[in-house]
Amino acid sequence: MSEAELHEASAYDAMLQAAKNGITEFIESMKDANPDLLLAMDESKRGIFAHAIMNRQEEVFKLIYDIESKMIITSREDALENNLLHIAAELGPSSYLDCISNAALQMQRELQWFRVIKYNPLLLNLDFI
């Protein structure tokens with residue numbers, strides 16, 4: 001399918017929604033059908049891995065190891081010039097944080113998540129300023 005046909009079929013939107021909701025099976029199936037779908041971006045130029053990081057979807061983020069064009073995805077910046085490290089440093093969604101009982105544990109979990117992203121070997125060349 002061409003890029004225009006994929007947009008019309010809402011395939012890119014479906015990939016982004018799957019990343020937000022942690023539906024790895026859907027992402028893998030769509031990737032097998034058309035690997036270009038991994039390059040889906042929203043209006044803010046954020047791709048599926050940025051959405052996975054924003055929504056703390058670790059299983060979706062792990063899919064980054066299975067793709068061949070890692071540099072294209074990991075070095076990309078969004079419309080506000082944020083890279084994946086900047087996005088990881090943002091506070092997680094309230095639905096994610098509400099599952100953690102107190103503020104200290106929430107902060108600890110957010111710090112652990114940031115470290116997972118920061119020390120990922122694929123992202124070591126990114127600057128966090």
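Biologist: Which helices do the buried residues of helix 9 pack against?
Modeller: This is a predicted model, to start with. In it, the buried residues of helix 9 pack against helix 4 (48–54), helix 5 (58–62), helix 7 (84–89) and helix 8 (94–97).

Biologist: And which residues of helix 9 are buried?
Modeller: Glu 110, Trp 113, Phe 114 and Ile 117 are buried in helix 9. They cover an arc of only 100 degrees around the axis, so they sit on the same side of helix 9.

Biologist: How many residues does helix 9 have, and how far does it reach?
Modeller: Helix 9 runs over residues 103–118, which makes 16 residues. From first C-alpha to last it reaches 22 Å, close to the 22 Å expected at 1.5 Å a residue.

Biologist: What caps the N-terminal end of helix 9?
Modeller: Asn 102 does. One of its side-chain oxygens lies 3.1 Å from the backbone nitrogen of Ala 104.

Biologist: Back to Glu 110. What does its side chain meet in a salt bridge?
Modeller: The side chain of Arg 56, at 2.5 Å from N to O. Arg 56 lies in the loop between helix 4 and helix 5 and Glu 110 in helix 9, so the pair ties together parts that are 54 residues apart in sequence.

Biologist: Is Arg 56 buried or exposed?
Modeller: Arg 56 counts as buried, at 7% relative accessibility. Glu 110 is buried as well, with a relative accessible area of 11%; the cut-off for buried is under 20%.

Biologist: What about Arg 109, which partner does it have in a salt bridge?
Modeller: Arg 109 forms a salt bridge with Glu 58, and the closest N and O atoms are 3.9 Å apart. That pair links distant parts of the chain, with Arg 109 in helix 9 and Glu 58 in helix 5, 51 residues apart. Arg 109 is partly exposed, with a relative accessible area of 24%, and Glu 58 counts as partly exposed at 31%.

Biologist: Which residues do salt bridges that share partners join into one network?
Modeller: Arg 46, Asp 78 and Glu 90. The side chains of Arg 46 and Glu 90 meet at 3.6 Å, N to O. Arg 46 is in the loop between helix 3 (24–33) and helix 4, and Glu 90 is in the loop between helix 7 and helix 8, so the pair ties together parts that are 44 residues apart in sequence. Arg 46 counts as buried at 12% relative accessibility, whereas Glu 90 counts as partly exposed at 32%.

Biologist: How many salt bridges does the count come to?
Modeller: Five.

Biologist: Changing topic. How many residues are in the largest nonpolar core, and which have the most contacts inside it?
Modeller: The largest nonpolar core has 28 residues, and those with the most contacts inside it are Met 15, Ile 27, Ile 48, Ile 53 and Ile 117. Helix 2 (11–21), helix 4, helix 5, helix 7 and helix 9 each supply at least two residues of this core.

Biologist: What does Met 15 touch?
Modeller: Leaving out residues up to four places away in sequence, Met 15 touches Phe 26, Ile 27, Met 30, Leu 37, Leu 38, Ala 40 and Ile 48.

Biologist: Which residues are buried in helix 2?
Modeller: Ala 11, Tyr 12, Met 15, Leu 16, Ala 18 and Ala 19. Seen down the axis of helix 2, these fall within an arc of 160 degrees, so they line one face of the helix.

Biologist: And what follows helix 2?
Modeller: Gly 22, with a positive phi near 75 degrees.

Notes: Residues are numbered from 1 along each chain as its sequence is written. This is a predicted model: local features need pLDDT of at least 70, side-chain atom pairs count only at pLDDT 80 or more; totals for chains, interfaces and linings use all residues. Side-chain values use heavy atoms; hydrogens and water are left out. Helices (H or I, at least four residues) and strands (E, at least two) are DSSP runs, numbered from the N terminus. The expected span of a helix is 1.5 Å times one less than its number of residues. Buried means under 20% relative accessible area, exposed over 50%, partly exposed in between (1.4 Å probe, protein chains only). The arc is that of the directions from the helix axis to the C-beta atoms. Contact means heavy atoms within 4.5 Å. A polar contact is a pair of N or O atoms within 3.5 Å; within protein, one must be able to donate a hydrogen and the other to accept it, and residues adjacent in sequence count only if both atoms are side-chain atoms. A nonpolar core is a set of buried Ala, Val, Leu, Ile, Met, Phe, Trp, Tyr and Cys residues joined through side-chain atoms within 4.5 Å. A salt bridge is a side-chain nitrogen of Lys or Arg within 4 Å of a carboxyl oxygen of Asp or Glu.
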